[in-house]
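Visitor: I have a model open here. Can you walk me through parts of it?
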Amino acid sequence: MTLLRTFKILFIIIGLTSLSFSIQGKAVDDSTKPDRSIMRLGNGIAAIAEGQIITLEELRGELEPIIPRIRLEAKSESDFNQLIDKLSRDVLQNMIDRIVILKAAEEKGLMIPESYIDQEYNETIARDFGGDRSKFLGYLKQKGETPREFRKEIYRRVAVNAMRQENRKSQSEISPERIEDFYVKNKIRFYQEEALHLRQIILTPLADEGLAPLRQTAKQVIKELQDGANFGDLARKYSQDNMSRRGGDWGWIKRSDIREELSAIAFKLDPGQYSEPVELGGTIFVLYCEAKREELIQPVSQVRDAIEEVLVGEIARESQSRWIKNLRSKAYIRYYM
């Protein structure tokens with residue numbers, strides 16, 4: 001770092017510190033106070049990365065939208081404070097990384113076509129402001145930002161994402177040995193619980209109707225099934241639940257997904273079989289097994305593609321992690337919190 005650059009940074013630091021003292025002396029209306037949880041960040045400098053200052057105010061701006069969610073997740077005030085501390089460090093590191101990556105993009109001479117920036121700019125107005133340009137400009141004015149500055153922010157975001165993607169290297173082919181090793185170490189992930197593809201015809205009584213009419217309908221259903229009628233067609237015709245439009249199709253279920261009295265009967269059925277009418281709580285059910293899956297650990301041959309996808313993702317993340325660590329090691333970064 002040159003002596004002139006050092007003096008510039010010191011001058012900015014002194015200026016911001018003085019500003020923080022002057023702000024602290026002013027009374028602030030309660031309605032404009034930020035969340036107490038991040039007020040303790042105070043004013044001043046959070047970090048300097050490649051000569052660019054990240055202020056605590058900027059860090060607060062990044063944190064504020066996330067605070068409500070953290071409050072919901074926290075189990076206690078102590079837990080909340082710990083989460084905020086960790087989040088502050090993570091967000092600050094992300095802000096630093098963006099600066100470092102952007103510098104790498106500039107050094108590389110990364111070019112983002114102006115047409116792409118235009119497209120992102122216009123899509124933002126269309127997506128977030130219903131195409132109303134005046135609302136968009138009002139939003140920028142409220143933030144104290146100009147359209148030109150907003151376009152620069154788009155460029156920075158796009159450039160950082162492009163650099164991250166470029167360095168998210170993956171391996172097109174994963175060795176069979178690595179797939180096998182992952183499978184052996186993670187077999188529990190491929191446990192397949194016993195499941196049934198279930199269809200149902202559900203008959204429920206009207207206000208003053210007893211079970212007698214429903215029993216007659218159930219008998220008619222069984223007769224038509226015996227005559228070769230399609231269960232789905234009969235469900236559309238007779239069933240009195242929301243799934244009737246789908247031919248009584250409840251999809252794949254586990255034993256625990258339906259009442260024990262019904263699952264005990266349903267899971268005894270073989271594919272293509274239907275049950276006799278089952279009376280339960282004033283409702284009559286006719287169950288049909290569309291297909292069945294046994295409880296087992298899926299063989300590696302069935303999950304090879306899924307494992308390969310996981311491993312490719314791991315390699316990509318590891319590659320990007322090494323890349324960003326390398327950029328950090330070469331950059332001037334100083335933390336103040």
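Visitor: What does the protein chain average in pLDDT?
Guide: This is a predicted model. The protein chain averages a pLDDT of 84, and 86% of the residues score at least 70. Over residues 1–34 the pLDDT is below 50, and this stretch has 21 contacts in the model beyond near neighbours in sequence. Where pLDDT is low, the predicted coordinates should not be read in detail.

Visitor: Now the open sheet. In what order do the four strands come?
Guide: The order is β5-β4-β7-β6, with antiparallel pairing. Each of β5 (249–253) and β6 (278–280) has a single partner strand, so one side of each is left without a neighbour in the sheet. On average, neighbouring strands are turned by 35° against each other, direction ignored.

Visitor: Which helix packs on the sheet, touching β4, β6 and β7?
Guide: That is α10 (residues 211–226), whose direction makes about 30° with that of β7. Helix α11 (residues 231–238) lies across β4 and β7, at about 35° to β4.

Visitor: Over how many bridges do β4 and β5 pair?
Guide: Four, in the antiparallel sense. L196 stands opposite I253 in β5.

Visitor: Switching to α6. Which residues are buried there?
Guide: I117, E120, Y121, T124, I125 and F129. Seen down the axis of α6, the buried residues fall within an arc of 135°, so they line one face of the helix.

Visitor: What covers them?
Guide: The cover includes α7 (133–143) and α8 (147–166).

Visitor: And which exposed residues are on the face turned away?
Guide: S115 and R127. Just after α6, G130 takes a positive phi of about 60°.

Methods: Residues are numbered from 1 along each chain as its sequence is written. This is a predicted model: local features need pLDDT of at least 70, side-chain atom pairs count only at pLDDT 80 or more; totals for chains, interfaces and linings use all residues. Side-chain values use heavy atoms; hydrogens and water are left out. Two strands pair if DSSP finds at least two bridges between them. Helices (H or I, at least four residues) and strands (E, at least two) are DSSP runs, numbered from the N terminus. Axes are lines fitted to C-alpha atoms, for helices over the stretch in contact, and angles run from 0 to 180 degrees between N-to-C directions. Contact means heavy atoms within 4.5 Å. pLDDT is the predictor's confidence in each residue, from 0 to 100. Buried means under 20% relative accessible area, exposed over 50%, partly exposed in between (1.4 Å probe, protein chains only). The arc is that of the directions from the helix axis to the C-beta atoms.
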